[in-house]
Amino acid sequence: MKKEFQHFDVIIVGGGHAGIEAAYAAARMGSNTALITLDTDKIGTMPCNPAIGGIGKGHLVFEISAMGGLMPKLCTKTYLQARMLNTRKGPAVQGLRLQIDKHAYSALSQKILKQTKNLTIIDGTVDDIVLDEQGAVCGAQLHNGDIINTKSVVITTGTFLNGKIHIGKQQYDGGRRGEKAVKTLAHFFRNSGLKIGRLKTGTPPRLLHSSLDYTQMESQEADNLDYLFEFYPHKVINTHPCHITYTNEKTHEIIRKNLDRSAMYSGNIEGVGPRYCPSIEDKISRFANKSSHHVFVEPEDASMTEVYPNGISTSLPADVQEDYIRSIKGFQNAIITKLGYAIEYDYVHPNQLHHTLELKKFPGLFLAGQINGTTGYEEAGAQGLIAGINAHLKTHGKEPFILDRTLSYIGVMIDDLITMGIDEPYRMFTSRAERRLLLRQDNAFLRLTDKAYSIGLIDEQFYADFCKEKEVIAKTIEIFKSSFKHQELLAFFDRGNCPKDIIAKHAPGPLSKRAMLSVQASFMYEPYLKREEAEVARRKQYQTLGIPKELQTENLPGLSKELQEKLARYKPTTVADAALIPGMTPAAISLLIFKIRNLSRNTQREDF
């Protein structure tokens, strides 16, 4: 191996979406960084649906953007269609979603990374992590036996770690279609004493665009927006249409008759699949009363050679895939270019991590992406960003960087993973955030860009432009408050209306449409925001309040049966831990606090 490869400040293992963000962050912060991946031509590959964003997921991408990450920049250059989801609802729960040219995305990610200062890309395989006598990272061993010295390693292996592909009863080792699984590094984790599990995900067959009849499908309307995920305005030009069709009773009958031939139902798969993105077999079984399911027909790249039928992922054998595909309206003459498959892989239970995404057991070893039990490009990218930041800080002896769950969706995700763990692949939804009125797409830069600048992730021009916008937003809000009565403000800024002309007229400087939404939301949500801020303060006040073992939560009046069962299952030791249980409401937390304090007072009386 060449001499310059003997030592790096930070090593990133894997070139998927987590690895890209980790490498980009660590290198831009000043660490001499190596990105080691099985095939440098596959960096930035989108093995599943080539789309980024959506409800909750889009919030993560805006936060990556606010912190100088690469994913939003790639999206702006490679999108085919843009849609803003949930526009009938308020800005807190809207979600930007882009259909992406997956080949252009991958090529551009490679180009930018190759041009990134302090970053070396190595085509190779990491077989082992080298630890010192204290169990801390001191190097990574390659497949050829060479050891690269380092203080920090970020593992972003995606579905490759002990990956196994399933199509019907056929199964074989693989990390993705046509790519080898990572077996040797999997031994390190299996023998490490860490708690390891198996998860499963899947993908639908790809179809030849020219073999489909789009006249039998619904056209899915795009949105002509004025911004995407990046800070700067962008006039959206939608170039490629997406369509919708539906499964039917014939489709369902074909699948029902062949369930025993599916890898999911034959007992060949031990991994747990994503509840929120089930296979078509799972949908037919779980929702037996439904006569149809949506199929979103989406292009994979600008050439439109292949399309992605979103919503019908499968592990059925080839003949059954062909039969059920051709039963769908518009697909009668469809030609399958690539079969759908299920893939299962190893993951590390994430409650073994610090909030920095560093393993508690092995200082200097960070994990990001699907190895932590998540699913999705956006969740992976966000974790990669945080892991890359903290790997750099760890190497240089600096304080760690942790995002609070009250400040960001990234913080919500990481806190959920570490505090609650997972029992299925984790996917981000706005409902996971207790303070989602505070955590909006439009104010992601206001929430996070100052923090990102303080650790060296934001360049001077971007930061200067951001500071100007922040000042104009603040002054615009002041002007409205001093110029209009409260009822007039409520009339201007109701849920379905963002009065851009009125905002522009009173603003002391130019504002993007995204920034105008921030002004609207500040008035529209004002009473609720005050309540949420009070809840945040109250939670901090009681977050260390312990839950006594003698507190009986079973049959507790005012607490639903579901929450009683969850409290018994998770056994939280503090009110803060209880608040993180999925589905736990503010009212339930208030009841819990009341009961704890009441029990404490009664105990004190008895002691007296």
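**Overall build and a look at helix H17**

With 608 residues, a compact globule would come out at a radius of gyration near 25 Å, and the protein has 25 Å, which agrees; the radius is taken over C-alpha atoms, and the globule rule is 2.2 Å times the number of residues to the power 0.38. This is a predicted model, where local features need pLDDT of at least 70, side-chain atom pairs count only at pLDDT 80 or more, and totals for chains, interfaces and linings use all residues. Residues are numbered from 1 along each chain as its sequence is written, and side-chain values use heavy atoms, with hydrogens and water left out.

Along the principal axes, the C-alpha atoms fill a box of roughly 65 × 65 × 60 Å. The protein holds 19 helices and 21 strands (DSSP runs numbered from the N terminus: H or I of at least four residues for helices, E of at least two for strands). Some 58% of the 608 residues count as buried, meaning under 20% relative accessible area with a 1.4 Å probe, protein chains only, while exposed means over 50% and partly exposed lies in between.

Now for helix H17, residues 561–570. Its buried residues are Leu563, Gln564, Lys566 and Leu567. They cover an arc of only 165 degrees around the axis, which puts them on the same side of H17; the arc is that of the directions from the helix axis to the C-beta atoms. In general, an α-helix has 3.6 residues a turn, so residues three or four places apart point the same way. The face of H17 turned away from its buried side carries the exposed Lys561 and Arg569. After H17 comes Lys571, with a positive phi near 50 degrees.
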